[in-house]
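Subject: Structure for you, with notes on its salt bridges

Hi there,

Here is the structure I promised to pass on.

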Amino acid sequence: MEIHWRNAQELDEAACAKAEQRLRKLAEHHRDLIDLSIDVAPRGAHHRHGERRVEIRCQARGADLVAHGEADDLGLALRDALRTFRREVERLRARRQSARSLAPASEPETD
């Protein structure tokens, strides 16, 4: 899994490293998460009351996942985005597991 950061200059290196560690742990023993980008939105007029926004986008096998976090503090926005992203990954994996368990067993081939 590749992780790409955009506009993360305002985050300290420790916060970025911890976030990457959490994301890599989430991907551990799975091959479904392919390409992930974390975008830190600059403070601007588009955000309510000066809130900071972090968006995580991930190309996963069979789906595109998007998670957002908003807070006055950029570190809290990142934490919220990571929590939301973890839930989205868990939902995706649960749907796949459910689909596999509902699929009919294939019959053995006969000559």
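The notes below cover the salt bridges and how accessible their partners are.

Please keep in mind that this is a predicted model. The count of salt bridges comes to 10.

Let me start with Glu10 and Arg52, which form a salt bridge with their closest N and O atoms 2.9 Å apart. Glu10 sits in the loop between strand E1 (2–6) and helix H1 (13–27), while Arg52 belongs to strand E3 (residues 52–60), so this pair ties together parts that are 42 residues apart in sequence. Are the two partners buried or exposed? Glu10 is exposed, with 53% relative accessibility, whereas Arg52 is buried, with a relative accessible area of 4%.

The neighbouring topic is Arg53, whose side chain meets that of Glu70 in a salt bridge (2.6 Å, N to O). This pair also links distant parts of the chain, with Arg53 in strand E3 and Glu70 in strand E4 (residues 63–71), 17 residues apart. Arg53 is partly exposed at 21% relative accessible area, and Glu70 is partly exposed at 30%.

Then there is the salt bridge between the side chains of Glu55 and Arg57, at 2.8 Å from N to O. Here Glu55 counts as buried at 17% relative accessibility, while Arg57 is partly exposed at 42%.

Best wishes

Key
Residues are numbered from 1 along each chain as its sequence is written. This is a predicted model: local features need pLDDT of at least 70, side-chain atom pairs count only at pLDDT 80 or more; totals for chains, interfaces and linings use all residues. Side-chain values use heavy atoms; hydrogens and water are left out. A salt bridge is a side-chain nitrogen of Lys or Arg within 4 Å of a carboxyl oxygen of Asp or Glu. Helices (H or I, at least four residues) and strands (E, at least two) are DSSP runs, numbered from the N terminus. Buried means under 20% relative accessible area, exposed over 50%, partly exposed in between (1.4 Å probe, protein chains only).
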